[in-house]
Amino acid sequence: RAHAIEAKALPIVTCDSPSQVILEQADRLDARLVVMGAYGVRGLTALLMGSVTREVLRQSQTPLFLHH
């Protein structure tokens, strides 16, 4: 808890889509902000699996802070 900001990190084990789980948890927790990395897998793997960040950015109703 720095600068009077309360933050929670929740470990979740699931077989569901990571982006869908992030979106559902943000809604469930009534999150005011979601913080994510802005890059990850590159190349062919990214083309086959898609980008979690891109999907969350596209679908989120919650503000996002993306860090590169």
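Colleague: Does histidine 68 count as buried or exposed?

Modeller: Histidine 68 has 68% relative accessibility, so the cut-offs (buried under 20% relative accessible area, exposed over 50%, partly exposed in between; 1.4 Å probe, protein chains only) decide it. The model is predicted: local features need pLDDT of at least 70, side-chain atom pairs count only at pLDDT 80 or more, and totals for chains, interfaces and linings use all residues. Residues are numbered from 1 along each chain as its sequence is written, and side-chain values use heavy atoms, without hydrogens and water. Histidine 68 therefore counts as exposed.

Colleague: How far in space is histidine 68 from methionine 36?

Modeller: Histidine 68 sits in the segment after strand 2 (64-67). Strands (E, at least two residues) and helices (H or I, at least four) are DSSP runs, numbered from the N terminus. In sequence, 32 residues separate histidine 68 from methionine 36; C-alpha to C-alpha, the distance is 8.9 Å.

Colleague: Why does proline 18 count as partly exposed?

Modeller: Proline 18 belongs to helix 1. It counts as partly exposed because its relative accessibility is 48%.

Colleague: Which residue is 9.1 Å from proline 18?

Modeller: The distance runs C-alpha to C-alpha.

Colleague: What covers the buried residues of helix 1?

Modeller: Ser19, Val21, Leu23, Gln25 and Ala26 are buried in helix 1. Contact means heavy atoms within 4.5 Å. Their cover includes strand 1 and helix 3 (52-59).

Colleague: Where does leucine 29 lie?

Modeller: Leucine 29 counts as partly exposed, because its relative accessibility is 40%. Its place is the loop between helix 1 (18-28) and strand 1 (34-37).

Colleague: Which residue just after helix 1 takes a positive phi?

Modeller: The angle is about 50°. The residue is aspartate 30.
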